[in-house]
Structures are given as C-alpha cells and as structure tokens.
Amino acid sequence: MKYDVKLELENKTEEYSFGYVAKQANGSAWLKSGKTVILATVVIDETEIVKDDFLPLTVQYIEKTYAAGKIPGGFFKRETKPSDFETLTSRIVDRSLRPLFPKGFGHPTQVTIMVFSADVDSDMQVLALNAASAALFTSNIDINRSVSAIRAAKIDGEIVLNPTLSDLKNSTLDLYLSGTKTDLLMIEMRSIGSEKIDVEDSYEPMLDPLMDPSLGTIILDTHVSNAMSEDELIEVFAKTEKALFAANTEYEVSFGVHQKELQPLDLKEDALNEEMLLFVTDNHMQDIDAAIKQMAKSERSTALRNLRKKILENNSEWDELELKAAIESVKKERVRAQILNDKVRADGRALNEVRPITIDTNVLPSAHSSCLFTRGQTQALVALTMGGAKDAQMFESLTDSGTQNENFMVHYNFPGFSVGEASPVMGTKRRELGHGNLAKRALEPVINLDGQTVRLVSEILESNGSSSMATVCGGYMALKAAEIETSDTIAGIAMGMVSRENEYAILSDIMGLEDHDGDMDFKVTGSKDGITAMQMDIKLGGISLSVLKEALYQAKEGRAHIIDIMLEAEKTIEYNDGVLPATEFFHIDPGFIGEIIGQAGKTIREIIEKFEVAIDIDKKDGKVKITGKNKSGVQGAKEHIHGIVNAPKKEKIKYEVGQKYEGVVKRIVDFGAFVELPDGTDGLLHISKISKERVQNVSDVLKEGQKVTVEILEFKGNKISLGLA
C-alpha cells in the first residue's frame, strides 16, 4: 500500500492513502494508525436534491470482526445489525460532519467507514472521524474545511491527549472534542468513578471498617465520582482546543494537494418570498405570537397550519410550501427577537429559570423502584430493576480479547405519542440509543454496584425539550428509591443559546421550540460541585470558551435548583419493601471467616436457609455481600454474622476418648444426630449409639435443641464420634 501523507500528531501517527482504493466514490481515504486500518468513503447522489429543509446525510461506521482475528459469535457467522458502539460512533461522526456542509446542500450523501484491521490500543472514534473528514475534504464535493477529533484523559492528575485505550482505563476523565481549525463544534464528556482509599492514623469508630493489622490503621474504601469543576473543565477545553486546531491546520495543508477537481453542484435556493414575509409580518403577528405560546409541539404545529389555511383562503394563488416557509421564518425571528431584545421566552420564563418540577417515586408497585419525573411539559417514567452478576449484558468489542459484561444499563424509549404524533412504536433508533448512553454516562460515576446488575428504563410519556435530562433526574431518583448508595446527587439540565452578531443570550432548561430555533443544544449533568457528563452540539459554526464558561456556570445554578427539589423528594420515598431486593456490603476480620462458614459449611448454610439470603465472602479481605428478596432477611443475616464475630471466643478443648460432656443436639439426620460440644465443635452421635435397643427413627428419641450427655468414642481425622452416656 502506497501512503501519500504521514502525520505525527499528539501521541499517535496517522498515514493516509488517497485514490488507491474505492476510486468510484466521490472521495475515499485509507487510514493506517498503528495496526489499525480504516477505509472511509463519501458518495453523493448528484441527480437528486431533497426539497425539505434538512441535510440528507447518512453515516455508517462498520466494524469487521476479521479485523481483530475473530469470527462472529452466535448462530449466524457474519456481521448482522450494528452494535451499540458502532451506532454511537456513527452518531458522533454525523454530528461532527454536518456543520461542514454549505447551506442549501440537498444531495443525499452517504459516508461509510469500515474497520479492516484493529489495534487493541487504537481510539476508533477519533480515527473514524479523522478518516471520514479526510475522505470528504479530498473529494470532489466543495467542502474546504477539515474537521478532526481529539480525546483527553486525566491520569494521576495529569491531562493526557489522545491516550491509548489501556491508558483510558486508568483515567478519571473521558473527553471527546471535534472541531475545525477555527471552531469547536461538538463535545462529549464524562467523568469516570473510582475507589478512593483513605488511610487514617488514629482509630475512630466507623461502620464496618476493614482493619489492616500490619499498619495499625483503618483503611476505608470510598467511591468517588471524580466530577470536574467548571473552571477545571474550561482549562482542559483550552488545552485540547489548541491541539485540535493545530491538527486541522496540518490536515488541510497535507491533504490539499490530493483534492479532486471540484464538481459543480446545485444548492437549494434559500430565497424566501418577500411578499409573503411582509404580509405575514404586517397582518398576522398576533396569530404568530399565539402559536408561539402553544407549548406543545403538536398544538403549535396545528396553530401554524390553521394560520396557513386562513391566509390561503384569500390568497389562493400563493404556493403553500412558500407560505409555510415564510410563516416559519417569521415565527423563528419572533422567538429569537423576544429573547434577545426583551429577555422574555415564549412561556414567560426568565432566561435562567427552570420550569416547575414534580417528582413521584415508586408509582409502580410491582417494579423494584420507579420515578415519574415531570418538568414543564416533559415527563419521564423511569423504572429500575435489580439483578445479579448473571443478569449483566454480555457484549464483545473489537479491541477487547474476550466477552465483556455491562452491569449498569440505561435504556431510553421515545414513543410518538409523547409529542402528539400518530406513529407506531418501532425498534430503537440512534437518537434513543444516544440519549440512553448520555444518561448512563451521567449516573454511572456515582454508583458502585459491586457485582449487582441494575437496569434503568426511561419511558418518555411527554416531551417538550430535554427528555434525556429528565431521564437523568428520574434515573437518579429511581436509584434512591431502590436504596442504592450514591456518592453524589446528580441532576441534568439542557442549555441553549440565541445569538445575533455580537449579542447572545444563554437559556436554561430549553424547551423544544428554543432547541429548534436556537443556536446551541448543550446538556450538562452533575452534582452541585462538579460535572459528570456533558454533550454539546453547536449549530452556528463554533463557540468561544468565555461563552462556554458562562453557560457552564448558568447550568450549575440550574442543577443546584433541581437537586434541591430532588433532595426534598428523597425524604418522602416509600420503598417497595415487599418487592425490592436488598443487598448489604460490610467487612469482618478475616480471622472469623472459618467460624461463619462453620464445620463443612454448616453455619453459613443455616444462615442462608433461616434468612433466605445469598452470602458471598471474600476470604482475603473479609468483605461480605448479602443479598435477599427483602430487607428484613438481609438485615437479620447481617446481625447474625455480627453476633458470631462479636461473641466471646470459646476456648478450644482438647478432647480425649472416654471423656463425657454435656452437648446440644443441633441437627437430626437419618443416620444419627450432630451434637454441639461445649467449645462449639460438632460431633456425630450415630443412630446405633443412641440406645442399646434398636432405634427406628432418631427423632423418636432426640429433638433439636435438646441437651444430652455424650461420651467421646473415637476420632476419625477431624471428625468426632460420640455415644450417648
């Protein structure tokens, strides 16, 4: 393979070949980085122009299992539907490329990115966008800007750009940015929770401390979210943005000589009918204002449609599509002018005001927990289900050697009725997958499931802006309604912006109208102190760090307001005690594990049967996990174990044959009875040794709990044989 361009970038090398393969595509780029090989192609339909006001761009990122020396698992031995990672990567590339296309571009465009060879340490999402941008930049389509991606990690307190996947596993930050050499276009960020170990020099009474006798100190494992403060995040943005812009300058210089001869393409005319614009402005502004005040999308659409029909009754020669565009333009400018000039939003809120919120927990009596979170006209019903390790989602990734398990899942569903649309419920779409992934990234840093599996399902029942953030808030409350411990209280808020030349206004808790007619969609989740996840798309070419910082602080103010409401709702939670499984984690001195397990597992079996629980004990560090169908059984088992640990130790007796002791019948079996001797050791009283006469049933002579005097007859290894004295 002949490579035309070799670039040494931050922590990686990229080699590109143009025009060697896929020559019939409008543009193609063969990218090699390490052992990773990716082909990106761009093809447009030159004969068709879509009339609707949207960019007909489709992006597909496809992984081939042979790229990692694997055969697809399952019954079918060929690649089938895309994995979640493939879908999410396609979405990231799509969102980054869209701003490059000129206004009025209406040719259906297909971008295909195929992974032919995979390096276990390669960042496929960064390379996928870089390859797609290279194919687009060198194609015969008139796009003369490159867009590229960079990822930042925070490892041992230091920011690392373009980390390997191995490095990323040790990071507390995962930040993905895309942009051109002048504009930042998209941000995806999440913090990564970790265990923090605190070593204290002096003893203070704590619940279930893990003692370290060698140090003479107490070691406490604390889960932390590693949420980032606004100022710290802005500093990281500044560093990554600088590297991103420098890389794009290098891309454009290196790729420029490989650009194909541009093919002239028709763009859709953006000329609005001036006569219609003037007519609507002069005669129907009251109708426009009335439509804007209709908060629901379906109601607003109906009002605008009725206005269109009303105007056409007296102007039948007018084209309905042109009139629709004119009305939409007047409406959009009216929404933006009210915000910029009057600092008033369509629903009368201040720019930083959050809509009214109501929270109802455990509204589903048979679910493990649930929350109905309502904010304005957006409503999410989030249901939580708890399971064990075997309930985790199994998946395979190209860069991992084996099967992985996902034990925290957030599934987001957006039925048509939530926005008044008469559409059937179909399979999961990219948007639904993306919103669920954002909510997962927001909540995952604050929980430590430690072997449990949790699935959150968000059913959007009504939507007027930021249903993904309602999912975050409702998801957090569902976690608390299931008594799952969290290291922070997490809320989410969607921010927007309207700008005009040097003027701009930042909006908190945007509704659908403001998202549609605004210039930014910016979702921020986190605690009162820091950010756990964020997602930003810029619709107008870029955003300065000063404006971004202002938006982050306004989002922090909104989050704090929402969190206060959530904390009040948390106080009134009534748990589904009859349904909700319970789990307890605690530590014991590893020296007591033998007594808890008992001889041949007798003691632990008795606890499991009595309290109807499952018990896992880590023999190395004394960590105990108890799970059960209800809280009372789990608590009872925990107290029983503590009773064993805290009970005064009985001094072991050196038994000898012929000695007699008083014991207690602990368990009756077909062939005899197990008798507990004074120091807790068990001995077997065989049925033949109970009486000189033949005994048919042991229970005819002995009862559990009965005190009996027994004689030591013989020793068989660690087993003691008894006779009734």
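In the predicted model described here, helices α2 (124–137) and α4 (230–255) each supply at least two residues of the lining of the largest cavity, helices (H or I, at least four residues) and strands (E, at least two) being DSSP runs numbered from the N terminus. Residues are numbered from 1 along each chain as its sequence is written. Because the model is predicted, local features need pLDDT of at least 70 and side-chain atom pairs count only at pLDDT 80 or more, whereas totals for chains, interfaces and linings use all residues, and side-chain values use heavy atoms, with hydrogens and water left out.

A cavity is taken as a set of points, on a 1 Å grid over the protein atoms alone, where a 1.4 Å probe fits but cannot get out, and its lining residues have an atom within 4 Å of a point. Grid points are joined across faces, edges and corners, and a volume is the space filled by probe spheres set on the points. By this rule, 1 cavity of 30 Å³ or more is found, and the space in the largest cavity amounts to about 30 Å³. Its lining is made up of Tyr16, Asn130, Ser133, Ala134, Ser146, Val147, Ser148, Tyr251 and Phe255, to which α2 gives the most, with 3 residues. In composition, the lining comprises 5 nonpolar residues, 4 polar residues and no charged residues, where Ala, Val, Leu, Ile, Met, Phe, Trp, Tyr, Cys and Pro count as nonpolar, Asp, Glu, Lys and Arg as charged, and the others, Gly among them, as polar.

Aromatic contacts were examined next. A pair of aromatic rings is described by the distance of the centres and the angle of the planes. Rings of Phe, Tyr and Trp (its six-membered ring) pair if their centres lie within 6.5 Å, and planes under 30 degrees apart count as stacked, over 60 as edge-to-face and the rest as tilted. A search of the whole structure on this basis returns 13 aromatic pairs. One of them is formed by Tyr61 and Phe85, whose rings are edge-to-face, at 6.1 Å centre to centre and with 75° between the planes. This pair links distant parts of the chain, with Tyr61 in strand β5 (residues 57–63) and Phe85 in helix α1 (residues 84–97), 24 residues apart. Relative accessible area (1.4 Å probe, protein chains only) is classed as buried under 20%, exposed over 50% and partly exposed in between; Tyr61 is therefore buried, at 2%, whereas Phe85, at 36%, is partly exposed.

A tilted pair is formed by Phe137 and Phe255, with 6.5 Å centre to centre and 55° between the planes. Here too distant parts of the chain are linked, Phe137 lying in helix α2 and Phe255 in helix α4, 118 residues apart. Phe137 counts as buried, with a relative accessible area of 3%, and Phe255 is likewise buried, with a value of 1%. Ring pairs join Phe137 and Phe255 with Tyr16, Phe18 and Tyr251 into a cluster, and Tyr16, Tyr251 and Phe255 are also among the residues that line the largest cavity. Elsewhere, Arg431 lies over the face of Phe414, at 4.4 Å from the ring centre, a charge being said to sit over a ring if NZ of Lys or CZ of Arg is within 6 Å of the ring centre and within 35 degrees of the ring normal.

Asn11, in the loop between β1 (5–9) and β2 (12–17), has a positive phi near 60° although it is a residue other than glycine, and it is exposed, at 53% relative accessibility. Ala22 occupies the loop between β2 and β3 (27–33); its phi is also positive, near 50°, and with a relative accessible area of 31% it is partly exposed. Asp45 is placed in the loop between β4 (36–44) and β5 and is partly exposed at 27%. Contact meaning heavy atoms within 4.5 Å, Asp45 is in contact with His107 and Pro108, its neighbours within four places in sequence being left aside.

Over the chain as a whole, 15 helices and 32 strands are present, and the C-alpha trace spans about 115 × 65 × 55 Å along its principal axes. Of the 725 residues, 50% count as buried. Among contacts between residues at least 6 apart in sequence, 69% join residues at least 24 apart.

Terms used: 1 Å grid on protein atoms, 1.4 Å probe; cavity = no way out; pocket = protein on both sides within 12 Å on 5 of 7 lines; lining within 4 Å.
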